[in-house]
Amino acid sequence: MPCWGESPAGDPSRKKAEQAFTKAAAETRKGQDRIGRLAESAESAQAELAADNGRRAKVATVIEAGERARTRLRVCLRSRLPDALTGTDLLPVWFTTALGPMAPPRRAEEWLETAWMSCPTE
């Protein structure tokens, strides 16, 4: 005779509960496996970031100097390019080959932006 709260082995509600448990247990294992893979991936990414931070710290002054130089160069180019375009000086061959001798009537601002970005450093 079953104890209070027990179902006989062939009871449909027990069978349904066993199936639900089996399915839930399998899903739990899948979830735990995925959590493990995600944790490994996160640890790997964290290590890569730490290494990158270390490299950046070593070269931070060089990067900052480069950023300042780029800013100075862009300011210089932005002031010299209009003068060169409106003056009588010939533009470099590489410049006119790539961009043409002058800005097109439409989209002149886009052309100037491309020209500024295309100018090499001295």
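Predicted model: local features only at pLDDT ≥ 70, side-chain atom pairs only at ≥ 80, totals over all residues.
The accessible surface of this chain comes to about 10400 Å², and 59% of that belongs to carbon and sulfur atoms. Of the 122 residues in the chain, 9% count as buried.

How far can we trust it? The average pLDDT of the chain is 81, and 89% of the residues score at least 70. Confidence is highest in helix 1, with a mean of 88, and lowest in helix 3, with a mean of 74.

Now the layout. The chain has three helices and zero strands, so if you walk along from the N terminus, you read α-α-α. Helix 1 covers residues 12–86, helix 2 covers 93–99 and helix 3 covers 108–118. As for contacts between residues at least 6 apart in sequence, 47% of them join residues at least 24 apart.

Let's go to the inside. Which residues make up the largest nonpolar core? There are seven of them: Leu81, Leu91, Phe95, Leu99, Trp111, Leu112 and Ala115. Helix 2 and helix 3 each supply at least two residues of this core, and helix 3 gives the most, with three. Take Ala115 as a way in. Setting aside neighbours within four places in sequence, Ala115 is in contact with Leu81, Phe95 and Leu99.

One is Pro82, which sits in helix 1. Pro82 has 32% relative accessibility, and therefore counts as partly exposed. Along the sequence, Pro82 and Leu112 are 30 residues apart, while their C-alpha atoms are 8.7 Å apart in space.

The other is Thr96, in helix 2. Thr96 is partly exposed too, because its relative accessibility is 30%.

In general, side chains of opposite charge can pair when their charged atoms come close. This structure holds five salt bridges, and I'll take you through some of them.

Start with Arg14 and Glu18, whose side chains meet at 3.2 Å, N to O. Why are these two about one helical turn apart? Because they are four residues apart in helix 1. Arg14 has a relative accessibility of 38%, so it counts as partly exposed. Glu18 is partly exposed as well, with a relative accessible area of 34%.

Next come Glu27 and Lys30, with a salt bridge of 3.7 Å, N to O. They are three residues apart in helix 1, which means a separation of about one helical turn.

Glu67 counts as partly exposed, given its 38% relative accessibility. Apart from these pairs, salt bridges that share partners link Asp52, Arg55 and Arg56 into one network.

Val59, Val62 and Ile63 make a nonpolar surface patch of about 240 Å². Ile63 belongs to helix 1. With a relative accessibility of 40%, Ile63 counts as partly exposed.

So, which pieces would I like you to keep in mind? There is the seven-residue nonpolar core, with Trp111 and Leu112 among its members. There are the salt bridges, five in the structure. There is the nonpolar patch made by Val59, Val62 and Ile63. And please keep the confidence in view while you look at helix 3, where the mean is 74.

Terms used: Residues numbered from 1 in each chain as written. Heavy atoms only, no water. Patch = residues over 30% accessible without salt bridge, like charges linked within 9 Å, V, L, I, M, F, W, Y side chains within 5 Å. Areas by Shrake-Rupley, 256 points an atom, 1.4 Å probe, with all protein chains shown as cover. Salt bridge = Lys/Arg side-chain N within 4 Å of Asp/Glu carboxyl O. Buried < 20%, exposed > 50% of the residue type's maximum accessible area, 1.4 Å probe, protein only. Core = buried A, V, L, I, M, F, W, Y, C linked by side-chain atoms within 4.5 Å. Contact = heavy atoms within 4.5 Å. pLDDT = per-residue confidence, 0-100.
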